[in-house]
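Dear colleague,

Please find the structure below, followed by some notes on what came out of going through it.

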Amino acid sequence: MSAVTNAADEGGKGVNLAYGKQVAISQPDAVFDQIQGIGLYGSESPLNQAWKLTDGKYGDVTNWANTADWFVFYRKLKREVVIDLEQVSTINKISTGFGMRGDVGIAPPINVRFYVSNDGSDYRYLGKSEPDTPFYFEYTKGSNDMHRKVYAIDRTVDGQPLNVQGRFIKLVFAINIFGWMDEIEVIGKPGVVDGAELPPQRDDGFTYDQYAAPGAASSAEIRDQFLWYSGPMSASNSHFTDWTKEKAAAFLAYKDIYGRIRDWFFSDILAIPVTQMITPSGFDQAGNARYVTKEDLLAYLDFIFQEDTQLGAIDQAASEINRALRTNQKVRVNMAIPFIEESSNFGDIYNDGGTLPLRAIDFADQVDDPASYEGRLEMARLAFENKKAAVRWYIEEVERRFQEAGYRNLVLNSFYWYHERIMEPTGEAELIQATSQYLKDKGYYFTWIPYIGPGSAYLWRDLGFTTASVQPNFAFGNSKKAIFPAISDLARRTGGALEIEYDDYRTLSQYLNYGVFEGYMTGAHNTYYLAAMPIVDGAYAFTPLDRTKVPDSLSAIRRGVYDQIYNYVKGRYEPTFGMHQSVDLSDPADLKVTVKLPLADHVVEGEFTLHYDQDHVTFSRFSLPAALQGKGTFQVDDSGKGRLKVSFRIDHPDHAIFADLLERRNPLAGAPDLITLHFVKRDARDDAALTSRMFAIDNSAVMKGKNGTVYRLWSDSDIIPGSPEDQLVSAFLAVKKAEETKMRADITYARVLVARLPHSPVRSELTDRLNELNRNHQS
């Protein structure tokens, strides 16, 4: 189909000045796909085919697979398309088209911004255009055709007819996944006529150069927000959402290893359904909870609005923390709005016994011709109005329950959109915008945490969110550390923030390290995805709440997660590194402890102390990996008291030790060896007594990068003999043993160890357990 060409001006309406002109397309965010190893889509148009956008041809709307006249975009977030009109001209209208075919993922952008310039450098903002028909409406008749949506601007942002001068025309938009774009038309007249002027500079509401400020109203008052996952789960997984007062206190307050409340930790929480929550509608193919009806949403609300657990427990815990710290802190609560699927009946929300259909097809009997363009548009509109009503019902139900609960320490101040990317064919964009206005009218903030990849990082302001945190997805994806400076730059450019994501403490350290390097630790608000219970496990790492568990080789690292996140929240965090000990006990005459540096950041020198059990082994020698031989100096000093002091220096920065993420969720893949320490078993010791826990590195370890950055060890690699943690664990295990044997000698021994602990909640709790044993023993 032909577009408007540069035919003669008819009736003074102007010509298509863009026809046949040169087009340049830039992809400033292509780096994200490169970092994540995402290649090109097979039908993606190469940039040297940008001429398609001014060749006078519209795309084929009868067959979406025919891309001859479409320019096909794939991922890569923002695009900037510039047309050189070759001379300063008078511009009265600019338009372009995008295809939409929801069932194959082809979606137009939320909007297009238009700019003009006389010199190709100083661009002036004209305004933005949304599509000529709503996203929730797609008019297709068969299995191959496509709905072409038009984006046009013929008036300025202040409503005046467009009559501006310019040589260069720029269109800016964000692509989610697939985008089919065709002809760009610039209607006007060659040269400057009719008093056309270069428009003044205007804010485009799209360009920023700073993070979302922590604590500001523009950041929904967020400084550090804990993502609190909950919801009913299967019996085997119920412990993941069994939120008691003690568990809630772990993320609300910072506790020392003895359980003493020292400070507030998180006073801002996002209440969000756990992915595998059980709802009446069951799970989707990916195993995620479905929200199809009113009852599905009530299943979540019924669960979290319990009096003695969940939000009730959080309120009680906050009360105790306020008493302990003599504060009057209110915990801000942000409530997630689950993504509601389309269905024939969401449920009776008006208490009139009626239904609430969310599908356009269910309104076929309310239009004259359900197959016509007008009929289908009206059907889609009616379904969309019901979607808005369903979301409003949920918001009002949350409000009602909050008011009835009468929490003294919790404040509902915001809502959160649960879906992490926009589903354009369902009208989700318009639904978010309508929800935004509804919440704004009620005085609530509205937040979002989209993932990197789709254009969501650019869209959140236009959708009406107060603020947004972008997910780097380093912890879970096939990514590289370069994602952090790139996504930090993106967050600044969009005025947003970043999400801290936990999967492994070594990948977590990269989020925190770059928070220091890129300034988002203190310069932006931070949201924290910390899985189900790592904060709880860290707070009680040496004295587990679950009495079936005991401290183990990972307890020190779990506590490190708790401590380091707290340091980060308080702005006191210093860059850290991780060390991994690979212990080989196969040969008693040559026991090997190989120290690795996963995700090392160009390390050139460092030192650490390794503790070993001198009753069982003696140190013999050390060896270096081939990659480091002849490239530095290494020294190992044996104190003779079960401690080795290891220090090293790499001779040249080019040989600095570096490692990146090579496998998804596996920071140990490709982790470089630093040194191997060799030991010999003492003759009088049994081979069976040898364990990897006889070796531990304490947290005094320090490394230095080639740029001078100093890194400190994340935590002790295991419980260090003779440390306060060791004494605490010994007392805890002694009490547990006494409870199992119920022997007086074990009870007495446990009481001696507990008495050595400082006065604290842990000491009181262990003492109570021993007292209970005595009472039972006497009876």
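A salt bridge is taken here as a side-chain nitrogen of Lys or Arg within 4 Å of a carboxyl oxygen of Asp or Glu. By that criterion, Asp302, Glu397, Arg400, Arg401 and Glu404 are linked in a network, and a search of the whole structure finds 49 salt bridges.

This is a predicted model, in which local features need pLDDT of at least 70 and side-chain atom pairs count only at pLDDT 80 or more, while totals for chains, interfaces and linings use all residues. Residues are numbered from 1 along each chain as its sequence is written, and side-chain values use heavy atoms, with hydrogens and water left out.

Two further pairs involve helices (DSSP runs of H or I, at least four residues; strands are runs of E, at least two, and both are numbered from the N terminus). Lys442 forms a salt bridge with Glu399, their closest N and O atoms being 3.0 Å apart, and this pair links distant parts of the chain, with Lys442 in helix α6 and Glu399 in helix α5, 43 residues apart. Glu399 is buried at 13% relative accessibility (under 20% relative accessible area, with exposed over 50% and partly exposed in between, using a 1.4 Å probe and protein chains only), whereas Lys442 is partly exposed at 35%. Arg769 and Glu765 meet in a salt bridge at 3.6 Å, N to O, and both lie in helix α15, four residues apart, about one turn of the helix.

In strand β3 (residues 71-74), Phe71 and Phe73 point one way and Val72 and Tyr74 the other, and all are buried.

Best wishes
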